[in-house]
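Student: I would like to learn how to read aromatic contacts in a model. Please take me through them.

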Amino acid sequence: MAQQFALGYYYVSPEDDERMTTFGEVSGDSLNTLVTQYIRGWIGRKRDYYLNLAKLDAQARELTSEQWVDIMLSEGTKGLPPYKTPIIRVEGNPLRDVALLPVEEMVKRQLNYIVLAEQNICLLRIAVLYDGDSLVRYVSRIVKEHLARNWETLYLPQVQANQTKVWF
């Protein structure tokens with residue numbers, strides 16, 4: 001079942017802020033909706049990595065999948081018990097190479113919440129824990145990666161088509 005997931009704000013470069021705003025006007029999507037879609041898409045594309053991360057985390061805490069999920073949904077990572085066995089270092093963080101500009105050079109965009117499926121909430125929480133960054137910066141990096149990968153092929157053509165009727 002989908003749930004509201006608190007996310008007070010995120011950061012975006014001025015260029016990406018302009019891109020999101022422009023595309024939102026063309027598509028009719030709010031910035032909140034776009035950020036939600038980017039997060040859902042990111043987790044979906046990297047689901048195997050995050051599921052493995054969750055499994056390793058639960059095993060190191062000696063929790064069943066059901067126990068781990070219940071804690072993650074009700075209390076988040078702060079509710080997880082201490083590790084019982086040493087955590088295995090997990091290689092391959094998919095956002096490891098995505099760096100943000102300094103905060104003073106970025107635009108801070110307010111959100112109240114996004115809506116995610118329960119599994120996506122748990123996977124986002126564990127991803128942030130293992131990444132070592134804050135939730136805000138992690139989501140900001142997802143937004144940056146998504147736009148860098150998709151602007152030219154998915155979004156710019158729609159923006160350009162909105163400006164002219166010469167489409168082909």
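Student: How many residues apart are Trp151 and Tyr155 in helix 6?

Tutor: Helices are DSSP runs of H or I with at least four residues, numbered from the N terminus. Trp151 and Tyr155 are 4 residues apart in helix 6 (residues 135-163), so about one helical turn separates them. This is a predicted model, in which local features need pLDDT of at least 70, side-chain atom pairs count only at pLDDT 80 or more, and totals for chains, interfaces and linings use all residues. Residues are numbered from 1 along each chain as its sequence is written, and side-chain values use heavy atoms, with hydrogens and water left out.

Student: How many aromatic pairs does a search of the whole structure find?

Tutor: Rings of Phe, Tyr and Trp (its six-membered ring) pair if their centres lie within 6.5 Å; planes under 30 degrees apart are stacked, over 60 edge-to-face, and the rest tilted. The search finds 5 pairs. In one of them, Tyr9 and Tyr11 have ring centres 5.6 Å apart and planes at 80°, so this pair is edge-to-face. Trp151 and Tyr155 are stacked, at 6.2 Å centre to centre with 25° between the planes. Phe23, Tyr38, Trp151 and Tyr155 make up one aromatic cluster.

Student: Is Trp151 buried or exposed?

Tutor: Buried means under 20% relative accessible area, exposed over 50%, and partly exposed in between (1.4 Å probe, protein chains only). Trp151 is buried at 8%, and Tyr155 is buried at 9%. Tyr11 is buried at 13%, while Tyr9 is partly exposed at 27%.

Student: Which residue lies over the face of Tyr9?

Tutor: A charge sits over a ring if NZ of Lys or CZ of Arg is within 6 Å of the ring centre and within 35 degrees of the ring normal. Lys108 lies over the face of Tyr9, 4.1 Å from the ring centre.

Note on methods: Helix = DSSP H or I, 4+ residues; strand = E, 2+ residues; numbered from the N terminus.
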